[in-house]
Amino acid sequence: MGKNVKTLSDSFKFCPRCAAQNPLMEHERRLVCPHCDLIFYVNTAAAAGAFLLYEDQLILCQRALDPQKGLLDVPGGFIEPGETVEAGLRREILEEIHVEVGPLHYLGSAPNVYPYREVPYKTIDLFFVGHLDSVEGLIAQDDVASILRVDPFAVNSADVAFVSTRFGLALLQNFLKANA
Ligand SMILES: [Zn+2]
């Protein structure tokens with residue numbers, strides 16, 4: 001996590017419905033106001049990431065923005081309300097590296113905390129693997145600074161932005177070994 005990240009309890013000083021001071025944040029999970037009986041759930045957000053392979057290389061993105069600016073990530077992002085995970089992931093991949101991917105296969109999931117403007121968002125990150133036929137048309141855009149092609153077994157985990165993505169990388173490595 002980046003510096004200056006607050007807890008959810010620190011993020012809300014007033015009830016968003018009745019404006020009473022100091023609503024309770026129970027278990028970093030739900031905002032409770034004893035004055036107006038509001039219970040507002042801070043639900044886990046769904047996010048998805050793709051481990052895209054080109055031949056025997058893995059496509060990784062260097063992050064252009066905080067959190068974890070400069071560190072490595074996979075293309076992906078938050079799923080919008082009403083989207084399927086698959087459609088949201090394809091949208092994010094197109095936005096970030098400018099490619100429409102073929103079949104994506106589910107690898108597994110891992111929880112993460114995504115701090116943004118001093119609010120720690122709890123996410124569940126769903127990871128997929130897919131293949132690219134070509135890397136010629138890839139363009140680093142949106143929140144991607146540059147695109148790297150690396151050996152999927154030689155990534156330094158300290159260079160990977162999020163703990164969930166490190167877990168996803170291990171899932172990928174197991175998948176590759178099982179399908180070698
Ligand atoms: Zn209230």
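Which protein donors does the zinc ion have, and how far from it do they lie? They are Cys-15 (SG), Cys-18 (SG), Cys-33 (SG) and Cys-36 (SG), lying 2.3 Å from the zinc ion. This is a predicted model, in which local features need pLDDT of at least 70, side-chain atom pairs count only at pLDDT 80 or more, and totals for chains, interfaces and linings use all residues. Residues are numbered from 1 along each chain as its sequence is written, and side-chain values use heavy atoms, with hydrogens and water left out.

**View 1. The zinc site is tetrahedral.** Donors are N, O and S atoms within 2.8 Å of the metal (3.2 Å for Na, K and Ca); water is not among the atoms, so sites may look incomplete. The angles among the four donor atoms run from 105 to 112 degrees. Four donors count as tetrahedral if all angles lie between 85 and 135 degrees. The ideal angle for four tetrahedral donors is 109.5 degrees.

**View 2. The zinc donors follow the spacing C-x2-C-x14-C-x2-C in sequence.** Cys-18 sits in the loop between α1 (8–11) and β1 (24–26), and Cys-36 in the loop between β2 (30–32) and β3 (39–41), so the pair ties together parts 18 residues apart in sequence. Helices (H or I, at least four residues) and strands (E, at least two) are DSSP runs, numbered from the N terminus. Cys-18 is partly exposed, at 33% relative accessible area. Cys-36 is partly exposed too, at 23%. Buried means under 20%, exposed over 50%, and partly exposed in between (1.4 Å probe, protein chains only).

**View 3. The largest nonpolar core has 19 residues.** Such a core is a set of buried Ala, Val, Leu, Ile, Met, Phe, Trp, Tyr and Cys residues joined through side-chain atoms within 4.5 Å. Leu-52, Ile-59, Ile-93, Ile-97 and Leu-132 have the most contacts inside it. β4 (45–54), β5 (57–63), α2 (85–97) and β9 (119–131) each supply at least two of its residues. The largest share, four residues, comes from β4. Another core, of 17 residues, lies apart from it; Val-129 and Leu-169 are among its members.

**View 4. α2 has 13 residues.** Its buried residues are Gly-88, Leu-89, Glu-92, Ile-93, Glu-96 and Ile-97. They cover an arc of only 135 degrees around the axis (taken from the directions from the helix axis to the C-beta atoms), which puts them on the same side of α2. What covers them includes β7 (76–78), β8 (104–116) and β10 (144–150). α2 is followed by His-98, whose phi is positive, near 60 degrees.

Methods
Four donors count as tetrahedral if all angles lie between 85 and 135 degrees; four count as square planar and six as octahedral if opposite donors are over 155 degrees apart and all others between 65 and 115; anything else is irregular. The expected span of a helix is 1.5 Å times one less than its number of residues. Contact means heavy atoms within 4.5 Å.
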